[in-house]
Amino acid sequence: MPRRRLLLTVSSLVVVALAVAGCTIPTTKDGGGYGPSNQTARKAAQPAPVELRSGAKQKLKSSEASWEPALYQTATGAKVVLDISNVDPTQHNFTLGDLEISKNIPPDTSTLIRFTAPQPGRYRFYCKYHQQEMQGWLTVK
Ligand SMILES: [Cu+2]
C-alpha cells in the first residue's frame, strides 16, 4: 500500500508540474507566443508570418508608423495582391526595392500592389519616409 500511495503522489506531482509548465511557458521575445494573451498585447510580440496565397487579396496596414502585419511568407511564383491602407495622418510609402516597387500612400487612402513572388529569399519592404520603424519582411520559399 505505501508503494501505491507513493506512486499516486508522484503521478499527481507530475500532473501538477505539467499543468504549471503549460501555463508558464514563456513567449519568445520576437513572438510566436502561446495562448490568447498575445492577441491583445499589440506589438508586444510578433505573430507568425502571414501566408500570401496566390491571387488572394491580403491587407497590409500602416498604423502608427508601423506595418501590420510586418511578416509575410509566400511561394515563388505566387501572384501577390496587397491591399495597403494608410490610416495615419501622414504620408507613407511602400517600397520593395528588390522588385523595384515604390508607391506613395497618402493619408487615409489605400492602394493595390501586385507582383509575382520572386525566387526564394528574404525581402525587405519598408516606407521610404520612415525606414527605421516601418519595415517588414517577405519570405519567399
Ligand atoms: Cu511612412
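Predicted model: local features only at pLDDT ≥ 70, side-chain atom pairs only at ≥ 80, totals over all residues.

Colleague: Is Glu133 buried, partly exposed or exposed?
Modeller: A residue is called buried under 20% relative accessible area and exposed over 50%, with partly exposed in between. Glu133 has a relative accessibility of 44%, so the word that applies is partly exposed.

Colleague: Which residues does Glu133 contact, leaving aside its neighbours within four places in sequence?
Modeller: Once the neighbours within four places are set aside, the contacts of Glu133 are Ala65 and Ser66.

Colleague: What share of the contacts with a separation of 6 or more comes from residues 24 or more positions apart?
Modeller: Contact here means heavy atoms within 4.5 Å. Counting the contacts in the chain with a separation of 6 or more, the share that comes from residues 24 or more positions apart is 52%.

Colleague: Which protein atoms are the donors of the copper ion?
Modeller: Along the chain, the donors follow the spacing H-x34-C-x2-H. Two of them link distant parts of the chain, since His92 is in strand S6 (residues 92-96) while His130 is in the loop between strand S9 (121-126) and strand S10 (135-140), 38 residues apart. Lying 1.9 to 2.2 Å from the copper ion, the protein donors are His92 (ND1), Cys127 (SG) and His130 (ND1).

Colleague: Is His92 buried or exposed?
Modeller: The cut-off for buried is under 20% relative accessible area. His92 has a relative accessibility of 0%, and therefore His92 counts as buried.

Colleague: Which side chain makes a polar contact with the side chain of Ser62?
Modeller: Ser62 is found in strand S2 (residues 57-63), and Ser62 is buried, with a relative accessible area of 0%. Not counting residues up to four places away in sequence, Ser62 touches Trp67, Ser85, Asn86, Val87, Asp88, His92 and Met134. The polar contact of the Ser62 side chain, at 3.1 Å, is with the side chain of Asn86.

Colleague: Which side chain is joined to that of Thr111 by a polar contact?
Modeller: Thr111 belongs to strand S8 (residues 109-116) and is buried, with a relative accessible area of 10%. Residues up to four places away not being counted, Thr111 touches Leu82, Asp83, Ile84, Lys103 and Ile105. The polar contact, 3.0 Å in length, joins the side chain of Thr111 to that of Lys103.

Colleague: What is the volume of the largest cavity?
Modeller: The structure holds one cavity of 30 Å³ or more. The lining of the largest cavity is made by Leu52, Tyr72, Val80, Leu82, Phe94, Leu96, Phe115, Phe125 and Leu138, and the elements giving two or more residues to that lining are S5 and S6. The volume of the largest cavity is about 40 Å³.

Colleague: Which residues are joined by a cis peptide bond?
Modeller: Most residues other than glycine have a negative phi, and most peptide bonds are trans. Pro69 is placed in the loop between strand S3 (66-68) and strand S4 (71-74). With omega at about -5°, the cis peptide bond joins Glu68 and Pro69.

Colleague: What is the phi of Asp108?
Modeller: Asp108 is found in the loop between S7 and S8 and is exposed, with a relative accessible area of 62%. Its phi is positive, in a residue other than glycine, and the value is near 55°.

Note on methods:
Residues numbered from 1 in each chain as written. Heavy atoms only, no water. Helix = DSSP H or I, 4+ residues; strand = E, 2+ residues; numbered from the N terminus. Buried < 20%, exposed > 50% of the residue type's maximum accessible area, 1.4 Å probe, protein only. Polar contact = N/O pair within 3.5 Å; in protein donor to acceptor, adjacent residues only side chain to side chain. Donors = N, O, S within 2.8 Å, 3.2 Å for Na, K, Ca; no water. 1 Å grid on protein atoms, 1.4 Å probe; cavity = no way out; pocket = protein on both sides within 12 Å on 5 of 7 lines; lining within 4 Å. Points joined across faces, edges and corners; volume = space filled by probe spheres on them.
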